Every structure is written in structure tokens, then in C-alpha cells.
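Subject: Structure handover

Hi,

Here is the structure I promised to pass on. Please open it and keep it beside you while you read.

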Amino acid sequence: MAFITTRYNELKLELAEKQVDLVAVSKTKPLEDLLEAYEEGQKDFGENYVQELLEKASAMPADTRWHFIGHLQTNKVKQIAPVVYLVHGVDSEKLLSELNKQAAKLNKNINCLLQVHIAEEETKFGFSMEEVTAVNISSYPNLTICGLMGMASFTNDKEQVQKEFRSLDKLYKEMQRKYPAFKTLSMGMSGDYKIAVAEGSTMVRIGSMLFGERK
Ligand SMILES: *Cc1c(COP(=O)(O)O)cnc(C)c1O
């Protein structure tokens, strides 16, 4: 299954109207699919395994922006720090410290989003709403903590999904008053991005809709 150009162009138009950014989630997909997307103008790609991201990064054009959307282990930060553009799933102060440390070593700045647990399932990672407001955002000089990320429950109950996204948007806007650097609310995937956009998302992470189902 290759990159679906017609869907991509429709989606780009739909998102442009709302000024929402698109991360093309290319995990498990072969390099030629990513190159097709790149040729159509897509520069932002999301991966959730460090090794896979590094392999693809070494083969793709240098101006590709790599988003790490998976659960990042502290012992992998060092490998990913030189290439990553935005880390979506930061879910502990320990991880923030390590990201800051590795960024400082490289004399660079790393963009991060704090992941908030909004779903009903217990398996999803993230800070609770209370925890995230207590994060010491200004104590990481080599990080730009520029917003929040969340995943809704895996359910067909649209009202539930809407409720979860709405609560994250509310929190995002509250935190934005205190932290003007907040400019990204990453929420919405292939199955729920329309709800996410209606509830205030500024960045969607879309995979299967563009590249076909994953095995
Ligand atoms: C896989 C993944 C996506 C994309 O999922 P699709 O349903 O294929 O659009 C988005 N966000 C995260 C965190 C993911 O792991």
C-alpha cells in the first residue's frame, strides 16, 4: 500500500482552512512511501520507534522534520536528540531532565510537548491534568516546551472522544496564559481528527488514512 496522494491533498486543504498542522505518521511504512509524501510537499513525519526514525532520517532529505510520537525511554534520548524536531510524548520530569541534558551537550534546543492522559484506558502514557500543571516548565533552558499532546479513548463513542479533547483544550488554553511559548496542541489521529480539530487541535498526527492500514 502506497501513499494516497488524493487523500493527502484533500486533507491538506481541509486542515489549511483551520490552520492545523499535519504530521504524517509513517511508522512501519517503507521509505518509498515517505518519499512520495515528501514529493507532494510533506515535510513533517511522525515515528514511534527510535531505531526506525534514525534509519529513515539518514535516508530522507535533510529538511525533513522528525516528530517522535511514541513513548520515549530516557536511555534512548541521546540517540534521538541530534535529529528530532519535536518530541510529542514527554510524560515525566525525568525525561525532561534527560532531554535538557542531551540538548545542552549538543548546544541545541529541543521542542517538546507534554503528554496528558485524557483517555479512559489505563494503558496510555501521560501526566494527569494535576501533574502537568505542576511541571517546572521554566527550569529546562535547552528545551522549548511548546504545548500539550493527548490521545482520546479508543472508542466509537464520539461524545466521549469530544469530551476528552475538550478537556485537553481547556487545560491547554489555561496553561497558555501562563506560558506564552505554548502554541501547539497535538491531538487527533485518522479516526478522530475531525473531532479534535473542532475542539481546538493545532496539530494532527495522521497515519493510516494517508498510508493505508498498518499490518
Ligand atoms: C500511530 C499513531 C498515530 C497515527 O494513527 P492512525 O490511526 O494511523 O492515524 C497518531 N499518534 C500516535 C501517538 C500514534 O502512535
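First, some ground rules. This is a predicted model, so local features need pLDDT of at least 70, side-chain atom pairs count only at pLDDT 80 or more, and totals for chains, interfaces and linings use all residues. Residues are numbered from 1 along each chain as its sequence is written, and side-chain values use heavy atoms, with hydrogens and water left out.

**The ligand**

Which residues surround the ligand? They are Val25, Lys27, Ile69, Met149, Met151, Met189, Ser190, Arg205, Ile206, Gly207, Ser208 and Arg214. By type, the shell has six nonpolar, three polar and three charged residues. Here Ala, Val, Leu, Ile, Met, Phe, Trp, Tyr, Cys and Pro count as nonpolar, Asp, Glu, Lys and Arg as charged, and the others, Gly among them, as polar.

Two strands, β6 (143-151) and β8 (203-206), each supply at least two residues of this shell. Strands (E, at least two residues) and helices (H or I, at least four) are DSSP runs, numbered from the N terminus.

Now look at the polar side chains. A polar atom in the Lys27 side chain lies 2.7 Å from an oxygen atom of the ligand. In Ser190, a side-chain N or O atom is 2.6 Å from a ligand oxygen. In Arg205, a side-chain N or O atom is 2.9 Å from a ligand nitrogen. The protein covers 90% of the 390 Å² of accessible area that the ligand has on its own. Such areas come from the Shrake-Rupley method with a 1.4 Å probe; for residues, only the protein chains shown count as cover.

**Cysteines**

How many disulfides does a search of the whole structure find? It finds zero. A disulfide is a pair of cysteine sulfur atoms within 2.5 Å. The sulfur of Cys112 has its closest cysteine sulfur in Cys146, 7.5 Å away, and that is too far for a bond. Cys112 is buried, at 0% relative accessible area. Cys146 is buried too, at 3%. Buried means under 20% relative accessible area, exposed over 50%, and partly exposed in between (1.4 Å probe, protein chains only).

**Salt bridges**

The whole structure holds nine salt bridges. Each is a side-chain nitrogen of Lys or Arg within 4 Å of a carboxyl oxygen of Asp or Glu. Three of them are worth a look.

- Lys194 pairs with Glu14, with the closest N and O atoms 2.9 Å apart. Lys194 is in helix α8 (residues 193-198) and Glu14 in helix α1 (residues 5-18), so the pair ties together parts that are 180 residues apart in sequence. Lys194 is exposed at 54%, while Glu14 is partly exposed at 27%.
- Lys56 meets Glu52 at 2.7 Å, N to O. Both lie in helix α3 (residues 50-59), four residues or about one turn apart. Lys56 is buried at 7%, and Glu52 is buried at 19%. Glu47 joins Glu52 and Lys56 in a network of salt bridges.
- Asp169 pairs with Lys173, the closest N and O atoms being 2.8 Å apart. In helix α7 (residues 158-178) they sit four residues apart, about one helical turn. Asp169 is buried at 11%, whereas Lys173 is partly exposed at 41%.

Best wishes

How values were computed:
A residue is near a molecule or strand if one of its heavy atoms lies within 4 Å of it. A polar contact is a pair of N or O atoms within 3.5 Å; within protein, one must be able to donate a hydrogen and the other to accept it, and residues adjacent in sequence count only if both atoms are side-chain atoms.
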